[in-house]
Amino acid sequence: MTLGTQIAWDDTVLPFQLDVVDMRGRVARLDGVLDGILKQHEYPPQVEALVAEMALLTALIGQTIKLRWKLSLQVQSKGPVRMIATDYYAPQAEGEPARIRAYASYDADRLDDSVPFDQVGDGYFAVLIDQGEGNTPYQGITSLDGESLSACAEAYFAQSEQLPTRFGLSFGKSSTPGSAEHWRAGGIMLQHMPKASPFVAQTEGDGEILTAADLVDGEEGENWNRVNILLDTVEDLELIGPSVPPTDLLLRLFHEEQPRVFDPQGVTFGCTCSEERVRQSLSIYSAQDLQKMTTDDGRITADCQFCSSHYNLDPKTVGFDAENPPNA
């Protein structure tokens, strides 16, 4: 695999379909996107790993949404890592890349040397979809159970969407000749095509969390088990790259299932914050309210947790009592 080919597949999501077994999926590789996300904050290694996993899940899941939609994944927990939030902004036009951003908040003094997922405690994993003005946002949640964030995502799809779903992820710091050590991530998402399951009604309301195995039986169940066994053979370097192109990986894993690939989707790090949005968020406050937010220097400041942008505003130019609003 040449350097040019490697770069071509970095920061892309490749959709595919396994026609023989009626399944679909995506292969994602992240490089510069993760660098753009993680360099905004000096996260401890455990937090970096969780943010990397969450960003990879966001890229894999987000590629399914339509143009101009926004997907958000959130983890809220009582553990040392209190929150992880990611956003996926679908391309605004055909041929443009999608944008991803991510952020985590944590208590540094509560972190320990255990595995990253142990840094989150009781809480929930949430999926939110904003389809734009005039549409009601969708939200689905599941508890933080299992041994990874990807296991939580699998439980969400089984419980809320009744879709058997499996993730195979790998992420970590990569070091190659001639380049500095940096984070890379790669993964595969497998999903059975949408179909009503006879098992959903049987398990509904019993307090048990559905799994993919609860949603398929007979020949479909056998196909699902076989494809998962094949996915279990994947190696970390095959997922992360750069030695194996995603197309070759799919052929190695699923050649009997006849994988059919579609156009890859590019992804990039991107934030939607702006001074205008800050002003809009402050427009509901009176001059008296804004006085409580004013610094000793007589300014109102705001920081974006996703991209670290800093905004410094004159209190007289914001709020509904603004004396000199911009573009008045």
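**Asp-31 counts as buried, with a relative accessibility of 16%.** Buried denotes a relative accessible area under 20%, exposed one over 50%, and partly exposed the range in between, computed with a 1.4 Å probe on protein chains only. The model is predicted: local features require pLDDT of at least 70 and side-chain atom pairs count only at pLDDT 80 or more, whereas totals for chains, interfaces and linings use all residues. Residues are numbered from 1 along each chain as its sequence is written, and side-chain values use heavy atoms, with hydrogens and water left out.

**Arg-184 and Asp-31 join their side chains in a salt bridge, at 2.9 Å from N to O.** The partners come from distant parts of the chain, 153 residues apart: Arg-184 belongs to strand 9 (residues 182-192), and Asp-31 to the loop between strand 2 (23-30) and helix 2 (32-38). Helices (H or I, at least four residues) and strands (E, at least two) are DSSP runs numbered from the N terminus. A salt bridge requires a side-chain nitrogen of Lys or Arg within 4 Å of a carboxyl oxygen of Asp or Glu. Arg-184 counts as buried because its relative accessibility is 2%. Asp-10 is linked with Asp-31 and Arg-184 in a network of salt bridges. The whole structure contains 10 salt bridges.

**A salt bridge of 2.7 Å, N to O, connects the side chains of Arg-166 and Asp-232.** Arg-166 is in strand 8 (residues 165-174) and Asp-232 is in the loop between helix 6 (218-231) and helix 7 (236-240), so the pair ties together parts 66 residues apart in sequence. The relative accessible area of Arg-166 is 18%, so this residue is buried. Asp-232, by contrast, counts as exposed, at 52% relative accessibility.

**Glu-257 and Arg-226 form a salt bridge between their side chains, at 3.1 Å from N to O.** Glu-257 is in the loop between helix 8 and strand 10 (259-261) and Arg-226 is in helix 6; this pair links distant parts of the chain, 31 residues apart. Glu-257 counts as buried, at 2% relative accessibility, while Arg-226, at 32%, counts as partly exposed.

**Phe-16 and Phe-254 form a stacked aromatic pair, with 6.5 Å between ring centres and 20° between the planes.** Phe-16 lies in strand 1 (residues 12-18) and Phe-254 in helix 8 (residues 246-254), so the pair ties together parts that are 238 residues apart in sequence. Rings of Phe, Tyr and Trp (its six-membered ring) pair if their centres lie within 6.5 Å; planes under 30 degrees apart count as stacked, over 60 as edge-to-face and the rest as tilted. Phe-16 counts as buried at 2% relative accessibility, and Phe-254 counts as buried at 0%. The structure holds 4 aromatic pairs.

**Arg-101 lies over the face of Phe-306, 4.0 Å from the ring centre.** A charge sits over a ring if NZ of Lys or CZ of Arg is within 6 Å of the ring centre and within 35 degrees of the ring normal.

**Helix 3 (residues 45-62) and helix 4 (residues 149-161) have axes that come within 9 Å and cross at roughly 35°.** On helix 3 the contact is made by Leu-50, Glu-53, Met-54, Leu-57 and Ile-61, and on helix 4 by Leu-149, Ser-150, Ala-153 and Phe-157. By class, this contact has 7 nonpolar, 1 polar and 1 charged residues. Ala, Val, Leu, Ile, Met, Phe, Trp, Tyr, Cys and Pro count as nonpolar, Asp, Glu, Lys and Arg as charged, and the others, Gly among them, as polar. Contact means heavy atoms within 4.5 Å. Axes are lines fitted to C-alpha atoms, for helices over the stretch in contact, and angles run from 0 to 180 degrees between N-to-C directions.
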